Amino acid sequence: MSTLDWKKSSYCQAASNCLNLAAAPDRTVRLRESEHPGTVLRTTPARLGTFIRAAKAGAFDRLT
């Protein structure tokens, strides 16, 4: 298995948990949290884009 080139979120502070993203050879996007790097989510670029657009539009603002 190839090593993924993980990118850290630009919003990450030095002492906080961070979101990491990597483009995988199978054309999927991998996501993980820096505090738990062994737990990796896999999605497609299109689905990630849909999620990001929904979050920016406030679709998840009232999930409490």
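Strands here are DSSP runs of E with at least two residues, helices are runs of H or I with at least four residues, and both are numbered from the N terminus. The model is a predicted one, in which local features need pLDDT of at least 70 and side-chain atom pairs count only at pLDDT 80 or more, while totals for chains, interfaces and linings use all residues. Residues are numbered from 1 along each chain as its sequence is written, and side-chain values use heavy atoms, with hydrogens and water left out.

Two strands are taken to pair if DSSP finds at least two bridges between them. Strand 1 and strand 2 run antiparallel and are joined by 2 bridges. Within the sheet, K7 stands opposite L21 of strand 2. Between strand 2 and strand 3, also antiparallel, there are 5 bridges. L19 stands opposite E33 of strand 3. Strand 3 and strand 4 pair in the antiparallel sense over 5 bridges. R32 has V40 of strand 4 as its bridge partner.

Strand 2 and strand 3 form a hairpin, with 5 residues between them. The loop between strand 2 (19–23) and strand 3 (29–33) contains R27. The phi of R27 is near 70°, which is a positive value in a residue other than glycine. R27 is exposed because its relative accessible area is 74%.

A salt bridge is defined as a side-chain nitrogen of Lys or Arg within 4 Å of a carboxyl oxygen of Asp or Glu. By this rule the structure has 3 salt bridges. One of them joins D5 to K7, with the closest N and O atoms 3.0 Å apart. Both D5 and K7 are exposed. Another joins D26 to R30, and here the closest N and O atoms are 3.2 Å apart. R30 is buried, since its relative accessible area is 9%. D26 counts as partly exposed because its relative accessibility is 41%. D26 also meets R42 in a salt bridge, at 3.5 Å from N to O. This pair links distant parts of the chain, 16 residues apart: D26 is in the loop between strand 2 and strand 3, and R42 is in strand 4. R42 is exposed, with a relative accessible area of 56%. Through shared partners, the salt bridges join D26, R30 and R42 into one network.

A disulfide is a pair of cysteine sulfur atoms within 2.5 Å. A search of the whole structure finds 1 disulfide. This disulfide joins C12 to C18, with an S to S distance of 1.5 Å. C12 and C18 are both buried.

Helix 1 covers residues 45–56. The expected span of a helix is 1.5 Å times one less than its number of residues. For the 12 residues of helix 1 this gives 16 Å, and the end C-alpha atoms are 16 Å apart, so the two values agree. After helix 1 comes G58, which has a positive phi, near 90°. The segment after helix 1 also holds F60. F60 is partly exposed because its relative accessible area is 35%.

F60 is also part of a nonpolar surface patch of about 410 Å², together with F51, I52 and L63. Patches are made of residues with over 30% relative accessible area and no salt bridge; like charges are joined within 9 Å, and nonpolar side chains (Val, Leu, Ile, Met, Phe, Trp, Tyr) within 5 Å. Accessible areas come from the Shrake-Rupley method with a 1.4 Å probe, and for residues only the protein chains shown count as cover.

Definitions and conventions:
Buried means under 20% relative accessible area, exposed over 50%, partly exposed in between (1.4 Å probe, protein chains only).
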